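Have the viewer open as you read.

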Amino acid sequence: MKLLTTRICMYSDVGVHGSLFGGTILAWLGEAGTAFACEHCGSPRMVTKRISEVVFERSVKPGAIIQIYGKLVSVGTTSLSVHIEAHSRDPEADREELVCKLETVFVHVDGQGEPCALRWTAHKHGARARRVALVAPGPVSTFRAARIHPAPDSSATAS
Ligand SMILES: CC(C)(COP(=O)(O)OP(=O)(O)OC[C@H]1O[C@@H](n2cnc3c(N)ncnc32)[C@H](O)[C@@H]1OP(=O)(O)O)[C@@H](O)C(=O)NCCC(=O)NCCS
């Protein structure tokens with residue numbers, strides 16, 4: 001997984017129980033995941049279609065360092081799925097503990113907010129995606145008539 005961003009839990013981030021508010025950490029995950037998806041897709045127009053079940057494993061107190069990681073899970077015609085995890089990091093012990101994880105589906109949309117084809121292909125099963133601007137953005141119906149070809153040297157760049 002790739003480290004996407006690091007946050008510190010501030011007093012302004014906690015809820016009535018004195019620990020990090022769930023909605024706040026979800027916003028952090030959403031923002032980090034969206035930026036990650038946009039980067040992979042080569043477009044700023046990625047919208048959230050689906051968020052999986054979220055399980056909060058442990059509470060987070062003010063002052064905690066939160067590392068947010070992500071990895072590409074799958075790629076479709078207009079959508080991609082990203083796995084995102086938040087870990088609480090203790091730099092003194094050099095240890096991290098899982099706080100929560102989720103999967104999000106993002107859809108690439110055009111200027112009118114309609115789904116449009118991703119402009120690149122990716123390796124299967126979460127390896128690093130490569131942008132190959134072979135397919136111009138367009139209506140899904142147009143794009144789906146065409147085949148998505150894997151990048152010729154994809155195996156050489158897998159990580
Ligand atoms: C995103 C949106 C344009 C998609 O419209 P849609 O009618 O569902 O589009 P489609 O049916 O063509 O599906 C588009 C993609 O989403 C996927 N998808 C649709 N419903 C899904 C679901 N419930 N779960 C996972 N993926 C789903 C489809 O499989 C397709 O992916 P593919 O092209 O890679 O195969 C529309 O639902 C929307 O505008 N939603 C609101 C987005 C938003 O405001 N998000 C919150 C703030 S960012």
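## Leu 118 and its surroundings

Leu 118 counts as buried because it has 28 C-beta neighbours inside 10 Å; the cut-off for buried is 20 or more other C-beta atoms within 10 Å of the residue's own, while 12 or fewer means exposed and anything in between partly exposed, with C-beta atoms placed from the backbone. You'll find Leu 118 in the loop between β6 and β7 (121-122). Strands here are DSSP runs of E with at least two residues, helices are runs of H or I with at least four, and both are numbered from the N terminus.

What does Leu 118 touch, leaving aside its neighbours within four places in sequence? Its contacts are Cys 41, Val 75, Thr 77, Thr 78, Leu 80 and His 108, where a contact means that the two C-beta atoms, placed from the backbone, lie within 7 Å. His 108 is 10 residues away in sequence, and the C-alpha to C-alpha distance between His 108 and Leu 118 is 6.3 Å.

## Ground rules

This is a predicted model, so local features need pLDDT of at least 70 and side-chain atom pairs count only at pLDDT 80 or more, whereas totals for chains, interfaces and linings use all residues. Residue numbers start from 1 along each chain as its sequence is written.

## Around the ligand

The shell around the ligand has 14 residues, and Arg 50, Gly 76, Thr 77, Thr 78 and Ser 79 come nearest. To be near, a residue needs its C-beta atom, placed from the backbone, within 6 Å of the molecule. Thr 77 and Thr 78 also turn up among the contacts of Leu 118.

β2 (46-51) and β6 (95-108) each supply at least two shell residues, and β2 gives the most, with four. By class, the shell has six nonpolar, six polar and two charged residues.

## Strand pairing

Strand β4 (residues 65-75) runs antiparallel to β1 (residues 2-8), with six bridges joining them; strands pair if DSSP finds at least two bridges between them. In that pairing, Thr 5 stands opposite Ile 68.

β4 is also antiparallel to β5 (residues 79-90), this time through 10 bridges. Leu 72 has Val 82 as its bridge partner there, and three residues sit between the two strands of this hairpin.

## The whole chain

Three helices and eight strands make up the secondary structure, running β-α-β-β-β-β-β-β-β-α-α from the N terminus. Of the 159 residues, 25% count as buried. Among contacts between residues at least 6 apart in sequence, 65% join residues at least 24 apart.

Note on methods. Ala, Val, Leu, Ile, Met, Phe, Trp, Tyr, Cys and Pro count as nonpolar, Asp, Glu, Lys and Arg as charged, and the others, Gly among them, as polar.
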